[in-house]
Amino acid sequence: MNYCYRLVINLIIIIAISCFIPIFPAYSSSDSNQFKADDFLQLGVKDIQLSNYIKAVKYFSQAIDLNNNFAAAYSNRWLAHLQLEEYHNAVADCTVALNFLPDNIEAYLNRGLAEYKLGNYQAAVWDSNRAIQIRPHDFRAYYNRGIANAALKNHQQAIQDYNLALTQTPQLLTASLGDIYNDRGLVNLELQNVPAALLDFSKAIRLNSADDRAYFNRGCACTRNKDNWGALRDFNQVVKLKPESAIAYVNRGVAYHNLGYEQAAIKDLQTAAAYFINRKETIAYQRTIKLIKVVQQQMTRKVEVAVKLGIGDWVL
């Protein structure tokens, strides 16, 4: 059985985390609405910093109600919408922000992210292209375009984008470098270039040894390369870093099965099935149960062969 449950893609992590604090001249005391709008903005910024995104959206919206030309309120609200996975709203706010400042690279980057999340990959590529025109040396734009191109199955273009991102990424940002290698590895795996994929995942691990995704993906590449011991090593690490990862248990179970350790395989698959049913992931649960039955059937056949050969104490 050469089976890999799924790959983990690091869906664009480039979100502008910093809040947009307005840099505007002081308003006269007669402009009471602007004072109130500023107050609501500051309250929203504090809530973003505290991860209270629903409250932040409320405050930013109140600021906009008082001043619908308040660019900073739109800019901060799109960040909150992204965190809440309200991608249509994020696109709308980024677009409004661009009406105020047409060369706002953060608006293009974040709108591209929202479009990607909505499955509008070509729109995401367009926004990344615009960001590159504005700031040609920003690695985030190349990285985001690479992920969008990968989703469009433009694999060679995606690899070119990742390569460009790697040349522009500050060396101090080791986590970002690791993410880029991880995603380039996924494209290489799609292209059946398993050796290149293994190298990329290994580089990602060296840059960030706590990234379970890179171990998981390298485990999948090892499985595809029929390196079951390597797969077992990597899925062991995923389980250590992320004990609740049902998918890791499935794939480690498959590695055990491929190595002939059927009882260990069944134990892992049963653990995965328990996680899936608790999370109400019915399809994943059903697929895992089918795998358990396959392993059990093969165990039965092995026992029957052992009995016929006269091996009374056959042990896995």
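These legends describe close-up views of helices in a predicted model. Local features need pLDDT of at least 70 and side-chain atom pairs count only at pLDDT 80 or more, while totals for chains, interfaces and linings use all residues. Residues are numbered from 1 along each chain as its sequence is written, and side-chain values use heavy atoms, with hydrogens and water left out.

**View 1. Helix 2, residues 53-66.** Helices are DSSP runs (H or I, at least four residues), numbered from the N terminus. The 14 residues of helix 2 reach 20 Å from first C-alpha to last, close to the 20 Å expected at 1.5 Å a residue; the expected span is 1.5 Å times one less than the number of residues. Buried residues (under 20% relative accessible area, 1.4 Å probe, protein chains only) include Tyr-53, Ala-56, Tyr-59, Phe-60 and Ala-63.

**View 2. Helix 10 (residues 194-207) against helix 11 (residues 212-224).** Their axes, lines fitted to C-alpha atoms over the stretch in contact, come within 9 Å and cross at roughly 155 degrees. The two helices are therefore roughly antiparallel (angle over 145 degrees, between N-to-C directions that can differ by 0 to 180 degrees). Contact (heavy atoms within 4.5 Å) involves, among others, Leu-198, Phe-201 and Ile-205 of helix 10 and Tyr-215, Arg-218 and Cys-222 of helix 11. By class, the contact has nine nonpolar, two polar and two charged residues.

**View 3. Helix 12, residues 228-241.** The end C-alpha atoms of helix 12 are 20 Å apart, which agrees with the span for its 14 residues at 1.5 Å a residue. Leu-232, Phe-235, Val-238 and Val-239 are among its buried residues. The buried residues of helix 12 pack against helix 11 and helix 13 (246-258).

How values were computed:
Buried means under 20% relative accessible area, exposed over 50%, partly exposed in between (1.4 Å probe, protein chains only). Angles under 35 degrees count as roughly parallel, over 145 as roughly antiparallel, 65 to 115 as roughly perpendicular and the rest as oblique. Ala, Val, Leu, Ile, Met, Phe, Trp, Tyr, Cys and Pro count as nonpolar, Asp, Glu, Lys and Arg as charged, and the others, Gly among them, as polar.
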